[in-house]
Amino acid sequence: MKTSSKIALLVLLVVSGAAAFLALNRPVVSSAADAENRSPVPVHSYSADTRPTVEVYGDSIVNGDSANFQGADAGPTSWAHYVGDHGVRFVGGFAQGGRTSAGMSGEDRGIRASMVVYGLGTNDLREEVPFEEFASNAREFADLQDPRELFVGVALGPMNDRPQDEVEEWNARLGELASEEGWTLVDPWEGIRGDDNAYVEGFNQDDLHPNEEGAALYAQNMAEQLLAAYEGRDAEE
């Protein structure tokens, strides 16, 4: 091929390539009708989770069938599983079947939340631990917590196999302890505990533990009382 032909071919290839590049990168001019029909670009916005947080410590009633309670993975027979639906965010803690106050007195999992729920006492009563010993253990546990956290004790619930007066006496003394220490006391068993201190039918899986329906109602009651106490303290401050 002659040199002049090679040069002509090279020029043609360069011109063709430039034309193709310009065609691919040319701004698209759309009509007004196209603009009206075009879907708007979605705008993503970040919304902070402003729910007050709660860390929870307790026994099998608290833990239920949780896979990883400490990691805030609560099972459907634990009230912590449902409390997020009612304006409170569960962030973990520790709960285990058979735990008494003595087994939790030195616990501090390093979690910090708006509120700390201390859901112990059931096994202390059932193992006939003197209330004074329970109170000492509870104070020791409370002293480990950040004073900015609202400390919350929980009234004992129904026990189909225990005398009603035992549970009522314990709860009365727990109320006195909470008042002395400046703790909040909640009783989230409304609608679950009957007049005879036994479970209302349909809310329990045995003599002591709530089923999923019982845990869900418990969570609703618990959240209402926690939020009231938390907002009330904010108003005082």
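Modeller: Here is a tour that starts with the whole chain, moves to the sheet and ends with the rings and the core. Keep in mind that this is a predicted model.

First, the overall layout. The chain has seven helices and five strands, and from the N terminus on its elements run α-α-β-α-β-β-α-α-β-α-β-α. Of its 237 residues, 42% count as buried. If you take the contacts between residues at least 6 apart in sequence, 71% of them join residues at least 24 apart. The accessible surface comes to about 13200 Å², and carbon and sulfur atoms account for 50% of that.

Strand 2 is mostly covered, with five of its seven residues buried. Further along, strand 3 pairs with strand 4 in the parallel sense over four bridges, and the partner of Val-117 there is Val-152 in strand 4. Strand 4 (residues 150-154) then pairs with strand 5, again parallel, over three bridges. On that side, Val-152 stands opposite Thr-184 in strand 5.

Five of its five residues are buried, so strand 4 is largely enclosed by the rest of the structure. In a regular strand the side chains alternate between the two faces of the sheet. Here both faces are covered: Leu-150, Val-152 and Val-154 are buried on one side, and Phe-151 and Gly-153 are buried on the other.

At 11% relative accessibility, Phe-90 counts as buried. Leaving aside neighbours within four places in sequence, Phe-90 is in contact with Val-54, Val-56, Phe-69, Ala-72, Asp-73, Ala-74, Ala-80 and Val-83.

Phe-69 and Phe-90 make one that is tilted, at 4.9 Å centre to centre with 50 degrees between the planes. This pair links distant parts of the chain: Phe-69 is in the loop between helix 3 (60-63) and strand 2 (89-95), while Phe-90 is in strand 2, 21 residues apart. Trp-189 and Tyr-218 form another pair, this one edge-to-face, with 4.7 Å between centres and 85 degrees between planes. Those two also bring together distant parts of the chain, with Trp-189 in the loop between strand 5 (184-186) and helix 7 (212-236) and Tyr-218 in helix 7, 29 residues apart. Both Trp-189 and Tyr-218 are buried. There is also a cluster linked by ring pairs, made up of Tyr-57, Tyr-118, Phe-131, Phe-134, Phe-141, Phe-151, Trp-170 and Trp-183.

In soluble globular proteins, nonpolar side chains tend to be buried together. In this model the largest nonpolar core has 53 residues, and those touching the most other members are Val-54, Val-56, Phe-69, Trp-79, Phe-90, Val-117 and Met-222. Two or more residues come from each of strand 1, helix 3, strand 2, strand 3, helix 5, strand 4, helix 6 (164-181) and helix 7. Helix 7 gives the largest share, eight residues.

One last stop is a loop residue. Thr-100 lies in the loop between strand 2 and strand 3. Its relative accessibility is 14%, so Thr-100 counts as buried. Apart from neighbours within four places in sequence, Thr-100 is in contact with Leu-120, Asn-123, Asp-124 and Glu-127.

Methods:
Residues are numbered from 1 along each chain as its sequence is written. This is a predicted model: local features need pLDDT of at least 70, side-chain atom pairs count only at pLDDT 80 or more; totals for chains, interfaces and linings use all residues. Side-chain values use heavy atoms; hydrogens and water are left out. Rings of Phe, Tyr and Trp (its six-membered ring) pair if their centres lie within 6.5 Å; planes under 30 degrees apart count as stacked, over 60 as edge-to-face and the rest as tilted. Buried means under 20% relative accessible area, exposed over 50%, partly exposed in between (1.4 Å probe, protein chains only). Two strands pair if DSSP finds at least two bridges between them. Contact means heavy atoms within 4.5 Å. Accessible areas come from the Shrake-Rupley method with a 1.4 Å probe; for residues, only the protein chains shown count as cover. A nonpolar core is a set of buried Ala, Val, Leu, Ile, Met, Phe, Trp, Tyr and Cys residues joined through side-chain atoms within 4.5 Å.
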